[in-house]
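These are notes for a colleague who has not seen this structure before. Please read the points in order, with the model open alongside.

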Amino acid sequence: MKAITNDDKTKLRASKKGNSKKNRRSDAVFRLAFLGLITAVMFIMAFTPLGYLKTGFLSITFMTIPVIIAAVVLTPLDAAVVGGIFGLTSFIQAVTGASLLTNALFQVNPLFTIILCFVPRVLEGLLGGLLFRAISRFDKTKLISYAAVSLAVPLMNTLFFMSTLFLLFYNSEPIRKIAESKGAEDVFTLLFAMVGINAVLEAVICFIIGTAITKALSVLIKKTKLR
């Protein structure tokens with residue numbers, strides 16, 4: 001048996017270092033390409049009927065599905081970026097009037113509207129990514145992880161958005177008008193009137209679609225060795 005020399009050890013270390021750099025470069029390329037693709041998909045969804053099911057002043061959104069995908073396929077920071085893209089599309093809708101509610105709020109306070117559009121969505125992406133990594137450590141099949149994130153992200157979207165909305169705009173004229181039209185005399189009644197069945201349907205739909213898509217994508221990525 002040939003003895004391993006110091007030169008052999010040096011070459012082996014160099015080879016491992018080279019492979020590590022190559023893997024990091026490949027992973028960075030995959031992440032950037034995926035982020036670009038998912039950004040394009042989100043803008044298409046945001047400004048077509050694919051992203052929202054309009055229900056008067058509010059709407060059921062499917063925009064959390066790309067955030068779910070990013071939380072599973074990419075890193076938590078990447079998922080936060082995708083959440084930020086979701087927030088950007090929401091802000092554009094607020095400015096252009098595509099969303100009746102956020103446009104009315106934008107007229108009241110543009111800065112608070114920026115916070116409302118971005119902060120909840122960035123947080124849901126970041127926390128969704130962290131949640132997936134936490135659960136997947138103990139979930140060998142990953143199915144529970146896919147399902148948990150697919151349910152958690154739309155619920156966080158509703159929770160964070162409505163909490164921020166009430167915190168920043170509860171006493172504003174647009175919210176008072178909604179409260180009057182729905183006969184809501186306290187915050188909990190108003191919350192139920194504004195969210196109600198919308199939040200349940202949104203969570204159920206995104207849970208089913210998100211779980212199916214993330215599972216299929218993960219299998220495809222593994223089989224094709226994209227990363």
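1. A salt bridge here is a side-chain nitrogen of Lys or Arg within 4 Å of a carboxyl oxygen of Asp or Glu. Glu-173 forms one with Lys-177, and their closest N and O atoms are 3.3 Å apart. Some ground rules follow before the other pair. This is a predicted model, in which local features need pLDDT of at least 70 and side-chain atom pairs count only at pLDDT 80 or more, while totals for chains, interfaces and linings use all residues. Residues are numbered from 1 along each chain as its sequence is written, and side-chain values use heavy atoms, with hydrogens and water left out.

2. The chain has nine helices and two strands, where helices (H or I, at least four residues) and strands (E, at least two) are DSSP runs numbered from the N terminus. Starting at the N terminus, the order of elements is α-β-β-α-α-α-α-α-α-α-α. A contact means heavy atoms within 4.5 Å. Taking contacts between residues at least 6 apart in sequence, 71% join residues at least 24 apart.

3. Accessible areas come from the Shrake-Rupley method with a 1.4 Å probe, and for residues only the protein chains shown count as cover. The chain exposes about 12,800 Å², with carbon and sulfur atoms supplying 70% of that area. A residue is buried under 20% relative accessible area, exposed over 50%, and partly exposed in between (1.4 Å probe, protein chains only). By this rule 41% of the 227 residues are buried.

4. Which residues touch the most other members of the largest nonpolar core? They are Phe-34, Met-42, Met-63, Val-73, Leu-74, Val-82 and Val-149, in a core of 33 residues. Elements giving two or more residues to this core are α1 (6-46), α2 (64-73), α3 (76-96), α6 and α9. The largest share, eight residues, comes from α2. A nonpolar core is a set of buried Ala, Val, Leu, Ile, Met, Phe, Trp, Tyr and Cys residues joined through side-chain atoms within 4.5 Å. Leaving aside residues up to four places away in sequence, Met-63 touches Met-42, Met-45, Ala-46, Gly-51, Tyr-52, Phe-86 and Thr-89. Apart from this core lies another, of 16 residues, including Leu-101, Leu-105, Ile-178 and Ala-199.

5. Ten of its ten residues are buried, so α2 is largely enclosed by the rest of the structure. Among them are Thr-64, Pro-66, Ile-68 and Val-72.

6. How many salt bridges does the structure hold? There are two. In one, Asp-78 pairs with Arg-31, the closest N and O atoms being 2.7 Å apart. Asp-78 lies in helix α3 and Arg-31 in helix α1, so this pair ties together parts that are 47 residues apart in sequence. Asp-78 is buried at 5% relative accessibility, whereas Arg-31 is partly exposed at 27%.

7. The other pair, Glu-173 and Lys-177, sits within helix α7 (residues 173-182), its members four residues apart, about one turn of the helix. Glu-173 is partly exposed, with 46% relative accessibility, and Lys-177 is exposed, with 51%.

8. A nonpolar patch on the surface has about 800 Å² of accessible area in total and includes Leu-151, Leu-155, Ile-197, Phe-207 and Ile-213. Patches are made of residues with over 30% relative accessible area and no salt bridge; like charges are joined within 9 Å, and nonpolar side chains (Val, Leu, Ile, Met, Phe, Trp, Tyr) within 5 Å. Both α6 (143-169) and α9 (196-224) supply at least two residues of the patch, and α9 gives the most, with eight. Leu-151 belongs to helix α6 and is partly exposed, with a relative accessible area of 36%.

9. A disulfide is counted as a pair of cysteine sulfur atoms within 2.5 Å, and the count comes to zero. Cys-117 is buried at 0% relative accessible area; Cys-206 is also buried, at 0%.

10. One backbone angle is worth a look. Lys-142 has a phi near 70°, a positive value in a residue other than glycine. Most residues other than glycine have a negative phi. Lys-142 is in the loop between α5 (110-136) and α6, and is partly exposed at 27% relative accessibility.
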